[in-house]
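Colleague: I have the sequence and the model open. Where do I start reading?

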Protein chains: 2
Amino acid sequence: MAAEHDLDAALLSTNFDLIQGLPLNVKNRVCALKKLQIDSIKVESDFYKRVHELEIEFETKFKSFFDQRKAIINGDVEPSACDVPILEGLNEEQIADLNKHTEADPSAKGIKDFWLTVLRTHDLVAETIEEHDAPILSFLTDVTTAASQDPPGFKIEFHFATNPYFKNSVLTKTYVLKFEPEEGAELSFDGPHVSRIIGDSIEWEDGKNVTKKAVKKKQKKGANAGKFLTKTVKAESFFNFFEPPKSKDERNEEDDDEHAEEFLELDYEMGQALRDTVIPRAVLFFTGELQADDMFDFPGEDGEEVSDFSDDEA
Amino acid sequence: MAAEHDLDAALLSTNFDLIQGLPLNVKNRVCALKKLQIDSIKVESDFYKRVHELEIEFETKFKSFFDQRKAIINGDVEPSACDVPILEGLNEEQIADLNKHTEADPSAKGIKDFWLTVLRTHDLVAETIEEHDAPILSFLTDVTTAASQDPPGFKIEFHFATNPYFKNSVLTKTYVLKFEPEEGAELSFDGPHVSRIIGDSIEWEDGKNVTKKAVKKKQKKGANAGKFLTKTVKAESFFNFFEPPKSKDERNEEDDDEHAEEFLELDYEMGQALRDTVIPRAVLFFTGELQADDMFDFPGEDGEEVSDFSDDEA
């Protein structure tokens, strides 16, 4: 399609030739439509703000369910006998099979490792959990989410029982959202987007910080050449989640920001998955009936397993 | 993971072994959580209904923009000179280049083939448009959408100027939505889903129906063996959009419904794309600055082009 104009300009639009060929007065009409488009997108941003208000209104309605869930998981409440199947789609024989191998255990309190299992079953979250994180996540008593108006956005709270790893009882991750298009970039507006992500500092007990590791490195040059020096470097860990990537406004010029926006988006994706799926549907991840963040692929229904997160995202 | 139980049951849950190994009293607690889950999902359905009400409220706000757009496209209103760039990201030289090849054409009314170009630029919609559809879609004067409360859902209207192809001045496609989970299948609820799709009958002028074609077939058997018979069969066409697939409730046992749900979902996907992106962002598809249904890939921003519709969907 691109013919006389240079490559840069050609890349800007698949319909460049068509636009170029339009009579000037028709070009002016298209231009007027773009002006209208910018104005209508500003109204869209009001719509998204209203949806956010609705989410806040509904949080109180969901809170009662989440509080009851927490009480059962932590053994504060013993539910009466239950008449819904523990797994969907089993026949009577299979249900009997599921039950026959075990007896009641009076010493078992609540549901052990509930949240660890939930997090490990959700594809996207599971990818961030290392073996050394598991014993720490065993201390989770609840995972909650709450919307906020000021700053607008939402936070996710990980509540921990007293544990030997860190002093915090809650680790919070906050997503600050922007509901308006950027000035001058209205046309690329696509709904609420993350403007800043804030994580709690973890007060690790001595020697328990799994986000750091010591590496020994042989010095190649200088006075210490040939000697081993110990250096502390970043280690893979779920708990790096609380040291989120910097947003555009927070980064300074020295920061290597080639992939910074991508990391920010990926972090936001995990935040959304926790808020929209993992927290509200936790028991279905515990039973393994759900796996991916936004696909309801009860395998009983169509045998296929779908994951939205292809390997090349990792 | 699956060990003693049969394959069918194993497929039901990635955490089957874990669930099977739980003490009976703990199984009962998990069961109680599933009961809570079902109740909380019912509240979710109220949330989606409220969002739908919000959409209806905002439609009136957007209508004024859409009416102004229609007037400009069809030459009923001549806009004054416009100061926004016709394509994003061009430098002054490129803008001059874009303009220098053409002059004003006093005979040009409105914006010729506006909607045809828009539909042909949106990846998913473009796939459904055949060469024989283009001259018909040239008669489009407007494409609109409206939410409805009874039945709940939305419709899309294609408005046509008087044309030699069919008598209808409007072709409507209606999507009836269900905001509640199916009784007994609450746990697989994932928001509003389509329950029925209705299309207008097209009153084609004689010999103009592009959704049918005559094929000559040589008879192999019987009294007419060796003779050619003319048979009318379905032809590929954008206008098949108005003969939507049947929903579960409409299908009877004889219908080959192996892929029926898939076709229904794909049709709904196209309806959503028209409603959420093509109609509200039409001018950006006309200029070619947008292409896919839900990705804002202004190539000036990051050079990548992303399509949500991989070839294996086609």
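Modeller: Start inside one chain. In chain A, residues 24 or more positions apart account for 56% of the contacts with a separation of 6 or more. Keep in mind that this is a predicted model.

Colleague: What is the secondary structure of chain A?

Modeller: Chain A has ten helices and six strands. Of its 314 residues, 47% are buried.

Colleague: How many residues of α5(A) are buried, and which ones?

Modeller: Seven of the eight residues in α5(A) are buried, so the helix is mostly covered; buried here means under 20% relative accessible area. The buried residues are F114(A), W115(A), L116(A), T117(A), V118(A), L119(A) and T121(A).

Colleague: Now the two chains. How many residues of chain A are in contact with chain B?

Modeller: On chain A, 103 residues are in contact with 103 residues of chain B. Together the chains bury about 9,200 Å² between them. Carbon and sulfur atoms account for 66% of that area.

Colleague: How many polar contacts and salt bridges are there between chain A and chain B?

Modeller: Between chain A and chain B there are 46 residue pairs in polar contact. Seven helices can be named on the chain A side: α1 (7–11), α2 (16–21), α3 (24–73), α4 (92–100), α5 (114–121), α9 (282–286) and α10 (299–302) each supply at least two residues that touch chain B. The largest share comes from α3(A), with 35 residues. By class, the chain A side has 51 nonpolar, 25 polar and 27 charged residues. As for salt bridges, the count between the two chains is twelve.

Colleague: How are the two copies related?

Modeller: First the general idea. Two copies of a chain are related by a rotation about an axis and a shift along it. Here, a rotation of 180 degrees with 0.0 Å of shift along its axis superposes chain A on chain B, with an RMSD of 0.1 Å. The copies are therefore related as by a two-fold rotation axis.

Colleague: Which residue of chain A comes closest to the rotation axis?

Modeller: That is V51(A), whose C-alpha lies 3.4 Å from the axis. The same surface serves both copies: 100% of the contact residues of chain A recur in chain B.

Colleague: How should I read a salt bridge?

Modeller: Side chains of opposite charge can pair when their charged atoms come close. Over all chains, the search finds 32 salt bridges. Take R29(A) and E78(B), whose side chains meet at 2.8 Å, N to O. This pair crosses between chains, from R29(A) in helix α3 of chain A to E78(B) in the loop between α3 and α4 of chain B. R29(A) counts as buried, at 4% relative accessibility.

Colleague: Which salt bridge links distant parts of chain A?

Modeller: R275(A) and E55(A) meet in a salt bridge at 3.1 Å, N to O. The pair links R275(A) in helix α8 (residues 260–278) with E55(A) in helix α3, 220 residues apart. R275(A) is buried, at 14% relative accessibility. E55(A) is partly exposed, at 24%.

Colleague: How far apart in helix α3 of chain A are D46(A) and K49(A)?

Modeller: They are three residues apart, so about one helical turn separates D46(A) and K49(A). Their side chains meet in a salt bridge at 4.0 Å, N to O. D46(A) is partly exposed at 37% relative accessibility, and K49(A) is partly exposed at 30%.

Colleague: Which residues do salt bridges with shared partners join into one network?

Modeller: K34(A), E88(B) and E289(B) are joined that way. Within that network, the side chains of E289(B) and K34(A) meet at 2.9 Å, N to O.

Methods: Residues are numbered from 1 along each chain as its sequence is written. Chains are lettered from A and ligands numbered from 1 in the order in which they are written. This is a predicted model: local features need pLDDT of at least 70, side-chain atom pairs count only at pLDDT 80 or more; totals for chains, interfaces and linings use all residues. Side-chain values use heavy atoms; hydrogens and water are left out. Contact means heavy atoms within 4.5 Å. Buried area is the accessible area (1.4 Å probe) that two parts lose on being put together, summed over both. A polar contact is a pair of N or O atoms within 3.5 Å; within protein, one must be able to donate a hydrogen and the other to accept it, and residues adjacent in sequence count only if both atoms are side-chain atoms. Helices (H or I, at least four residues) and strands (E, at least two) are DSSP runs, numbered from the N terminus. Ala, Val, Leu, Ile, Met, Phe, Trp, Tyr, Cys and Pro count as nonpolar, Asp, Glu, Lys and Arg as charged, and the others, Gly among them, as polar. Copies are superposed by least squares on the C-alpha atoms of residues with pLDDT of at least 70 in both. Buried means under 20% relative accessible area, exposed over 50%, partly exposed in between (1.4 Å probe, protein chains only).
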